[in-house]
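Here's a quick tour for anyone meeting this structure for the first time. Have a look at the sequence and the 3D view, then read on.

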Amino acid sequence: MKNIISKKVEQMQPSGIRAFFDLVLGMKDIISLGVGEPDFVTPWAIREAGIYSLEQGFTSYTSNKGLYKLRLGLSRYLKAKHKLDYSPEEEILITVGVSEGLDLALRTIINPGDKIVVPQPSYVSYGPVTELAGGLPIYIDTTKDDFKLTPEKLEKAVDKRTKGIILNYPTNPTGISYRRKELEALSRVILKHRLVCICDEVYGDLTYDFEHIPFAGLGGLKKNTIYLNGFSKSFAMTGWRVGFACGPKDIIAGMTKIHQYTIMCVPITSQMAAAEALVSAKKPVEEMKREYRRRRAFVVEELNQMGLSCHNPQGAFYVFPSIKKTGLNSLEFSQKLLKEEKVAVVPGTAFGASGEGYIRISYASGMESLKEALERIKRFLGRIKNAKK
Amino acid sequence: MKEILEVLEKDGRATPEEIARMLKKKPQEVRNAIKKYEKEGVILKYKAVINKDLIRDEDSGLRALIEVNIVPQKDAGFDKIAERIYSFPEVTSCYLISGTYDLLVIVEGKNIHTVSSFVAEKLSCLENVRGTTTHFLLKKYKEDGVILKHREENKRIAISY
């Protein structure tokens, strides 16, 4: 029998830490700081809107691009919040989370062999999805620059075959973000080389120290930026799977072509709920943000005090402390911590080779669990230190 | 400064040191602020929220909401008679209400007998009380923002990107 699995899929690298994940999932009574989603339940007004839409019998397909009501709401929301101008008719597409938006964006712009720049450590799917689309990811190690992409390194990485770049800020897994000046410096390189910029800004609303500036809002950038965002993180709606892509109409038209054949449309219940989120969730969203901000300050301070040096992340709900001092590598540290103290974290290597020497800690957990988990990590570090002596 | 209250309202046991870390302030600053709130009566007390339904005790307590119609007094209006009512230790809450009656009084007692005798022998007999309607509470679903349920199991998968 011939090989059933295609070469392309066979060559895809399975995540190197799958075994570690299975270990975590198989254990009971652990405190997990490895969760990449909010610990809050979707605010009730949003859930209620989903339920109501079901009661009213909204169970059909929607237009491929998504409910007009939702696109119109988004257009107004983005205008009011970020002064972004996107027409609900031609420049907005509702996607199954940012994940689908990313896939569509890459498949829409990549010709075989095109290079896509990916700053690392990065979210896990950027590289593999680029490869699936026929592209070649070019990774830039940002660990020496406080996890930020610098214009110099970008300039160096770009050549004639470079088609685009994936920019994610605030960044999963490091939590860093960029100020306007830094973005403008990057934008000059991007404009110079006419790169398409795919921006995953799903954590944008969870920016704590300064205003989040969407890349598409910078001068001259709208025409080559695909702005990806979604409801998962800021509205605590991960399981609903609603995201959106905004961009120039020809790109959105291209993305919609793929979307209509592969997905058809995002589930209507989720779209109805998302439309409600835009109008009635301001207060709970602000409350969640304040809570994350407090936890961030607490966790960063505690980690630094116990000797796991970590920078101050400006957004999302992750910190990315260095564990190099312990003498263990990321996976060893995570495995040992899990076995000995029943605390789960994600090894930095899950986010690319440059994540070696770091772990990702998510503070999307209640204060009580955070305190307890940090206490255990402290105990764990003390033991390692003594063992070394 | 108000954020200190937000933290304490969620967790009355958060220490000044912990709060200081969360809000990037000095512990002494937080301690002073809390003291000030306590002094001003903004923070009245710290207590546990107890789900009494889980204490399987016959006499674990019964609560009644009592609508009270009263005759306001000259000069003092409703306040004086309200004071006479809320001073009874059985009364846990007392509100002046707009609408068809005047005071909403929440009373707690060991069982139906103690609550009824309070209404019959103490409350109704007060001079300016014109009438009462008593509603016994059957089940509590949510109290002070807390849904009275067992802690739910974690619905998220333990690890994800």
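## A first look at chain A

Of the 389 residues in chain A, 49% are buried. Keep in mind that what you're looking at is a predicted model. Chain A is built from 13 helices and 12 strands. Its radius of gyration is 21 Å, close to the 21 Å that the globule rule gives for 389 residues, so chain A is as compact as a globular protein of that length. If you boxed up its C-alpha atoms along the principal axes, you'd need roughly 65 × 60 × 55 Å.

How do the contacts run along the chain? Take the contacts in chain A between residues at least 6 apart in sequence: 75% of these join residues at least 24 apart.

Now for the inside. The largest nonpolar core holds 119 residues, and those with the most contacts within it are A:Ala105, A:Cys197, A:Ile198 and A:Ala245. There's also a second, separate core of 13 residues, with B:Ala82, B:Ile85, B:Phe118 and B:Val119 among them.

Which residues does A:Cys197 touch, leaving out those up to four places away in sequence? They are A:Gly164, A:Ile165, A:Leu167, A:Ile190, A:Phe215, A:Leu221, A:Asn224 and A:Thr225.

Strand β7 of chain A, residues 225-230, is mostly covered, with six of its six residues buried. Both of its faces are covered: A:Thr225, A:Tyr227 and A:Asn229 lie on one side, with A:Ile226, A:Leu228 and A:Gly230 on the other, and all are buried.

| Partner of β7(A) | Residues | Sense | Bridges |
|---|---|---|---|
| β6(A) | 196-200 | parallel | four bridges |
| β8(A) | 243-246 | antiparallel | four bridges |

A:Ile198 stands opposite A:Ile226 in β7(A), and A:Asn229 has A:Phe244 in β8(A) as its bridge partner. A:Ile198 is also one of the residues with the most contacts inside the largest nonpolar core.

## Where chain B comes in

Chain B meets chain A through 14 of its residues, which are in contact with 19 residues of chain A. On the chain B side, the elements giving two or more residues are α1 (2-10) and α2 (16-23) of chain B. Which of them gives the most? That's α2(B), with four residues. Sorted by class, this side of chain B has seven nonpolar, one polar and six charged residues.

Notes: Residues are numbered from 1 along each chain as its sequence is written. Chains are lettered from A and ligands numbered from 1 in the order in which they are written. This is a predicted model: local features need pLDDT of at least 70, side-chain atom pairs count only at pLDDT 80 or more; totals for chains, interfaces and linings use all residues. A nonpolar core is a set of buried Ala, Val, Leu, Ile, Met, Phe, Trp, Tyr and Cys residues joined through C-beta atoms within 7 Å. A residue is buried if 20 or more other C-beta atoms lie within 10 Å of its own, exposed if 12 or fewer, and partly exposed in between; C-beta atoms are placed from the backbone. Two residues are in contact if their C-beta atoms, placed from the backbone, lie within 7 Å. The radius of gyration is taken over C-alpha atoms; the globule rule is 2.2 Å times the number of residues to the power 0.38. Two strands pair if DSSP finds at least two bridges between them. Ala, Val, Leu, Ile, Met, Phe, Trp, Tyr, Cys and Pro count as nonpolar, Asp, Glu, Lys and Arg as charged, and the others, Gly among them, as polar.
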